[in-house]
Amino acid sequence: MTRRSLIAGNWKMNGTRASLGELRAMVDAARGGLSASVDLLVCPPATLLSAAVEAAGEVLALGGQDCHTAASGAHTGDVSAPMLADLGARFVIVGHSERRADHGETDALVAAKAKAAWDAGLVAVICIGETEAERKGGETLSVLGRQLAASVPDGATGANTVIAYEPVWAIGTGLTPTVADVADAHAFMRRTLEERFGAGEGGAVRLLYGGSVKPSNAAELLAVANVDGALVGGASLKAADFIAICEAAP
Ligand code: PEP
């Protein structure tokens, strides 16, 4: 099964209109040929989405960082999937560990958000990953299995879903799992998806690695079997770093 690499940037709660210069530099690089082999995605804060879509044209996709389960209604401060789609977003991250930790998001809520994303025509980037304590307890694969079962709704396909494996202890810490550990986790996720969704769709869902990806470690992480790209936080804020990571994709 051939899957195109996807390098996705998650700007988190960073960036004002001044940051669009970085996005424009990414777009220029993509126009210069980067996007021929790699799909590029940036998920800026919702406040920048509209301007980012205008700046990005066709070469770089834009996404939200979260969406509500409902399409509209009395949910002050929230953003719905149809609102993101209306601005030109094509993807939305759901279940990021920061949302699971800061907002108590459960697997069931994440699955409902993924369905809301699909209903709006968006691709759901569903994040899963173990905490440091779970890793130390030897529970990594059982946590991933539980999260895949409960956070990924029935009906997932290669076209509507991307899974991001993000060990919580690796996010923003500069720490990464060994290449062998990433290989084990991604092989397990692939097997699990194929068993549930069949070899066709389970084999087509792209599996991203996320957690302290930077230019210096991108090549070895992206070369691992079943790693179809990366979800990049801090290093996606600077065009030069993001472009270097994209260039490392096979
Ligand atoms: C993330 O926020 O999804 C992430 C992986 O962050 P960082 O690359 O900064 O570890």
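Trainee: Why is the crossing in which α1 passes α2 called right-handed?

Mentor: α1 passes α2 in a right-handed crossing, the term for a near helix turned clockwise from the far one by less than a right angle, anticlockwise being left-handed. Before we go on, note that this is a predicted model, in which local features need pLDDT of at least 70 and side-chain atom pairs count only at pLDDT 80 or more, while totals for chains, interfaces and linings use all residues. Residues are numbered from 1 along each chain as its sequence is written.

Trainee: How do you know whether α1 and α2 are roughly parallel or roughly antiparallel to each other?

Mentor: α1 and helix α2 (residues 49-56) pack at an angle of about 30 degrees, with their axes 9 Å apart. Angles under 35 degrees count as roughly parallel, over 145 as roughly antiparallel, 65 to 115 as roughly perpendicular and the rest as oblique, and α1 and α2 are therefore roughly parallel to each other.

Trainee: Which residues of α1 and α2 meet, and what is their make-up by class?

Mentor: Leu 20, Leu 23, Arg 24 and Val 27 of α1 meet Ala 51, Ala 52, Ala 55 and Ala 56 of α2, where contact requires C-beta atoms, placed from the backbone, within 7 Å. By class this contact has 7 nonpolar, no polar and 1 charged residues.

Trainee: How does α1 pack against α10, in angle and in distance between axes?

Mentor: Helix α1 (residues 20-31) and helix α10 (residues 239-248) pack at an angle of about 30 degrees, their axes being 9 Å apart. That makes α1 roughly parallel to α10, and the crossing of this pair is right-handed. From α1 the contact involves Glu 22, Ala 25, Met 26 and Ala 29, and from α10 it involves Ala 239, Phe 242 and Ile 243; these divide into 6 nonpolar, no polar and 1 charged.

Trainee: What makes Ser 212 count as buried or exposed?

Mentor: Ser 212, in the loop between β7 (206-210) and α9 (215-222), has 21 C-beta neighbours inside 10 Å. A residue is buried if 20 or more other C-beta atoms lie within 10 Å of its own, exposed if 12 or fewer, and partly exposed in between, so Ser 212 counts as buried. Ser 212 also has a positive phi of about 55 degrees, although it is not a glycine.

Trainee: Why is Lys 12 called partly exposed?

Mentor: Lys 12, in the loop between β1 (5-10) and α1, has 19 C-beta neighbours inside 10 Å and therefore counts as partly exposed. Phi of Lys 12 is near 50 degrees, a positive value in a residue other than glycine.

Terms used: Axes fitted to C-alpha atoms, helices over the stretch in contact; angles between N-to-C directions. Helix = DSSP H or I, 4+ residues; strand = E, 2+ residues; numbered from the N terminus. Contact = placed C-beta atoms within 7 Å. Nonpolar A, V, L, I, M, F, W, Y, C, P; charged D, E, K, R; others polar.
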